[in-house]
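Biologist: I am new to this structure. Could you take me through some of its local features?

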Amino acid sequence: MMKDQYGLKGLAVTSLVAAMAMTSPTYASVTDQDILNDQSTTQDVVSNGLGPRAQRYSPLAKVNGDTVQDLRPVWGFSFGGEKQRGQESQPFVKDGVMYVTASYSRVFAIDIKTGDELWQYDARLPENIMPCCDVINRGVALYGDLVIFGTLDAKLVALNKNTGKTVWKKKIADYKAGYSISAAPLLVKGKVITGVSGGEFGIVGKVEARDALTGEVVWVRPTVEGHMGYLNGKENGITGGEAGKTWPGDLWKSGGAATWLGGTYDPDTDLLFFGTGNPAPWNSHLRPGDNLYSSSRLAIDPDTGKIVWHFQTTPHDGWDYDGVNELIAFDYKEGGKTVKAAATADRNGFFYVLNRTNGDFIRGFPFVDKISWAKGLDSKGRPIYNEKFRPGDPSAAADGKKGSTVVAAPSFLGGKNWMPMAFSQDTGYFYVPSNEWEMDIWNEPTAYKKGAAYLGAGFTIKPINEDYIGVLRAIDPKTGKEVWRYENNAPLWGGVLATAGGLVFAGNPEGYLMAFDAKTGEIKYRFNTGSGIVGSPITWEQDGEQYLSIVSGWGGAVPLWGGEVAKRVKHLNQGGTVWTFKLPAKNELAKN
């Protein structure tokens, strides 16, 4: 299926790379300080989320409510070939070069000024990979002279950023057991930190830190209670202290809790924040208990891999409400004091504000219109279950094969899924891409088999409203108030960017890049990219001009798992293009 590592162009690309290596200028290395300062240094984008906290906020303001209508494309770069599918990447920019991943574990380096390809890397993927939710990749990490990314066969690869040649490659897990990697790695203190995908296959989630320059393991922390952690090759304590406390029997050995979205880092507290996915199997009647640390947020010491605190959003999850969604550090004032908080919009439909120093629950509230599985949250943030909306126990059914069906909201694809929200330091609002849908769900008997789907459930996803599924919401985290909303016919599945220009940028599956007024939600700009957008926008400054880029290419989980929802998007075309925009120069405007 795959060609050589430079892709479909073979020797022509290899020769081009060799020539460039002799003629290209030497670019500055990416340092730890570059990454920590990424939000404030506007000439580059060297982290996933425009800073380790991943607030996805830029202080650039040349593109604003008055000028955005003049924003126009300067180039479009096609990923080419027949390998389309979902394009969920966030581009990175350093020294006039863009580094961006594409479907099927590909990486491209692009000249910012011209849109010309500098080099391409194609991973040699085996034929029998098992990604649950499309062949996507969400981005790279930059460190030193390296471009680091994960592959669908669960490897971590480091490339020379000037040539695209492999510097090191490490196996993270066994893809034949269902493991893969789709998230952008996180760079903290010279360590590349990554999670794993594969929660639907009964894998065991983990967070792993490696030396970024060599790829050698520093520490490993499993995210299912009972598994041993390691630091510098030595045992470093069992996750949760012992096995079986919140899991029955041996189910912890295949307990899921995949860390498939990656993490964020807060320099103030020196903590990593990683979310964990659903417990395995989905059939909750097989595993009574809270099933730690599934469907949770974990605060992890970046030096040792120790879990400092945890907050479980859906204990004893029976609906596939993964807790992987990003936990974003932010500060706010209350009673004259600064609160060191962190916020997350969970798949289960609740928005949580936590104390990021210790994980204590501050407040929580619904951010979607319909939640059926829970009546609310208690004073500690634990859900108050509405048990009649838990799928029935198949062992209690007359035939022993199918439990009673319930209609649960949100659907398992969540009030919010992977698509990252943004936080504006100007308005104090979070901008949350969300969806209004529900599901018929029922439980079935199942047993673990290595490399096989491990669900024990069936489902059908349904829209709640005829006019819209997707809703982009501006939410005040101090009050829980929805300040404004934009309703979209198809589900929203791409990331959001907020800027000091008073704008919020987002894309939709219909193909439009849109800019909204950050305070009112008024649409200030629309551009049709020709394919659905499920990527995340970035902005940066070069030669005194503000640029904006987004990847366009429809796919991801919705058309694969979407049930009745998939019918609403079946007409959308696949694609694979990086679109880059800027304002025209003043003399160009004068001619218009």
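Biologist: This model is predicted. How many bridges join E27 to strand E30?
Modeller: Strand E30 covers residues 437–443. E27 and E30 run antiparallel. The number of bridges joining E27 to E30 is three.

Biologist: What is the strand order of the open sheet of three strands?
Modeller: The pairing in this sheet is antiparallel. Strand E27 (406–408) and strand E31 (457–463) are the edge strands, and each pairs on one side only. From one strand to the next, the twist averages 25°. The order is E27-E30-E31.

Biologist: In which loop does Pro-410 lie?
Modeller: Start with the peptide bond from Ala-409 to Pro-410. That bond is cis, with omega near 0°. Pro-410 itself lies in the loop between E27 and strand E28 (422–423).

Biologist: The peptide bond from Ala-280 to Pro-281: is it cis or trans?
Modeller: Most peptide bonds are trans. Pro-281 lies in the loop between strand E18 (271–275) and strand E19 (296–300). Omega from Ala-280 to Pro-281 is near -5°, and the bond is cis.

Biologist: Ser-295 lies in the loop between E18 and E19. Is Ser-295 buried or exposed?
Modeller: Its backbone first: phi of Ser-295 is near 45°, a positive value in a residue other than glycine. Most residues other than glycine have a negative phi. The cut-off for buried is under 20% relative accessible area. Ser-295 has 0% relative accessibility, so it counts as buried.

Biologist: What is the relative accessibility of Asp-320?
Modeller: Asp-320 sits in the loop between strand E20 (307–312) and strand E21 (328–334). Its phi is also worth a look: near 65°, a positive value in a residue other than glycine. Asp-320 counts as buried, because its relative accessibility is 5%.

Biologist: Now the cysteines. Which residues form a disulfide?
Modeller: A disulfide is a covalent bond between the sulfur atoms of two cysteines. The cut-off is a pair of sulfur atoms within 2.5 Å. By this rule the count comes to one disulfide. Its sulfur atoms are 2.1 Å apart, and its residues are Cys-132 and Cys-133.

Biologist: What is the handedness of the link of Cys-132 and Cys-133?
Modeller: Look at the angle about the S-S bond. For Cys-132 and Cys-133 that angle is -70°. The link is left-handed.

Biologist: Is Cys-133 buried, partly exposed or exposed?
Modeller: Buried needs under 20% relative accessible area, and exposed needs over 50%. Cys-133 has 27% relative accessibility, so it counts as partly exposed.

Biologist: Next, strand E38. How many of its five residues are buried?
Modeller: E38 spans residues 538–542. The strand is largely enclosed by the rest of the structure, because most of it falls under the cut-off of 20%. The number of buried residues in E38 is four.

Biologist: Which residue takes a positive phi in the hairpin of E38 and E39?
Modeller: Strand E39 is residues 545–552, and five bridges join E38 to E39, which run antiparallel. Gln-542 stands opposite Glu-545 in E39. The hairpin has two residues between the strands. With a phi near 55°, the residue is Asp-543.

Key
Residues numbered from 1 in each chain as written. Predicted model: local features only at pLDDT ≥ 70, side-chain atom pairs only at ≥ 80, totals over all residues. Heavy atoms only, no water. Pairing = 2+ DSSP bridges. Axes fitted to C-alpha atoms, helices over the stretch in contact; angles between N-to-C directions. Buried < 20%, exposed > 50% of the residue type's maximum accessible area, 1.4 Å probe, protein only.
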